[in-house]
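These are my notebook entries on one structure. I set out below what I looked up.

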Amino acid sequence: MQPIKIDLLINSRWIIPVLPENRVFENCALAIDQQKIVGIYPQAEAQSKFDAASVVDLADHILMPGLVNAHGHAAMSLLRGYADDLPLKPWLEEHIWPVEARVLSEEFVADGTNLAMAEMIKTGTTCFADMYFFADTVAEQVQRSGMRSQIGFTVFDFPTAGGKDPDDYIHKGLQLRDSYKGDGLIKIACAPHAPYTVGDETLRRIATYANELDMPVHIHCHETAQEVADSLKFFGNRPLQRLDDLGVLLPQTQLVHMTQIDGSDIRLIQDNNCHVVHCPESNLKLASGFCPVGKLIDAGINVAIGTDGAASNNDLDLFGELKTAALLAKAVANDASVLDAHAALRMATINGAKALGWDDQIGSLETGKSADVIAVEISSLSQKPLYNPASQLVYSNAGSQVTHSWVAGKALLRERSLVTLDEDNLIRRADAWRNQIRPS
């Protein structure tokens, strides 16, 4: 029998497919053709079965699905370290919003988004959810990079550089959605900033559009105790209950942060089949609180993971984030068995894909899914000896160990070198912005 011609065969020491759960394949190969995964085979079988146009041998690597960063503000990478060690409210109102009012532009968003994407690609993220201004500019940069992204058009009830009023934000966002309808790598979401910055009438309109267009809704919610207290004072109920009353809680709603929740909130999330996006490092840095991940998982709620923006993290390394998530979940639950290594990896892959409505295409290395794949080298001193590849990825790994990345079968990172983005130019542009934002 003639070997089957395929585009790419990747031989790897270990493969963690994520689905089926808790599986690790040893000395196997991943076959890829026409942007899709053909299957996982023992290397000897794959060598005789396929005639690959390209073969990549990874003797000391773990092959796994690309990571899904389910929440961030990519362009804010240009504000990394600008206003550290402050609580959320003064951080936003006294530092971040004023500097954004001064420098925010399409050029700022383009450069910041490219800087963020380069960092994410180099640390294993292949898909990310973004929530910022000038969403059309973000989409253009994402398309050029070859990454996969859910791009949220942010909505406020007041004017910003991104729009003059809710009508303007929503009109521009729906136009953008029409422009990218059918694009395999870009999905447009409506991103009302938060319950405390968006009024009832606007939230009702967003709920209507989300229902009619089956459009994702991406929103900060229950981020701080002050947010909940203010909602009770001004609206007479908790933020999540208010969103439910206004029709915003939907199966495609992604609730970001959720650090201040009780049993009634959990029941609302369950009843509406919403998703929670956990951002542990940003929440820790801003002292916003702790998302009770163990309770959410026990309640059958899908929990994904996000870095938030580099202005409040201060990095976009999702491997670091999932380690923090795993450790924090244990401490919050007072249970060392909560969120084991495989479960943490699922949060950063298939759970993120499910939250973004892409779990039929990405998040696991299953036959027929898109070839969104990364390779992680496990040969350094700090990673020896190796007993459990999944635990090694979660507890002793860093994004710097990622050597290769593919999205829909296209290489974005090869031997730690970016393929579609110019790293030296990005560094020069970032330095130029630093000098403009805060001259020496």
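**Entry 1: the largest pocket**

I looked up the largest pocket and noted a volume of about 400 Å³. The model is predicted: local features need pLDDT of at least 70 and side-chain atom pairs pLDDT 80 or more, while totals for chains, interfaces and linings use all residues. Residues are numbered from 1 along each chain as its sequence is written, and side-chain values use heavy atoms, without hydrogens and water.

A pocket here is an open set of points on a 1 Å grid over the protein atoms alone, where a 1.4 Å probe fits, with protein on both sides within 12 Å along at least five of seven lines; lining residues have an atom within 4 Å of a point. Of the 21 lining residues, I recorded Lys 89, Tyr 196, Thr 224, Glu 227 and Asp 230 as the closest to the centre. Helices α2, α7 (225-235) and α8 (239-245) each give two or more residues to this lining. α7 gives the most, with six residues.

**Entry 2: α2 against α16**

I then followed α2 (residues 88-103) to α16 (residues 423-437): they pack at about 105°, with axes 11 Å apart. That makes α2 roughly perpendicular to α16 (65 to 115 degrees). In contact (heavy atoms within 4.5 Å), Val 99, Arg 102 and Val 103 of α2 meet Trp 433, Gln 436 and Ile 437 of α16.

**Entry 3: the annotated range**

I noted that UniProt, in an unreviewed entry, lists residues 62-411 as "domain: Amidohydrolase-related". Over residues 62-411 the chain is 42% helix and 17% strand.

Terms used: Axes fitted to C-alpha atoms, helices over the stretch in contact; angles between N-to-C directions. Helix = DSSP H or I, 4+ residues; strand = E, 2+ residues; numbered from the N terminus. Parallel < 35°, antiparallel > 145°, perpendicular 65-115°, else oblique. UniProt positions renumbered as here; feature names shortened; annotations may be inferred. Points joined across faces, edges and corners; volume = space filled by probe spheres on them.
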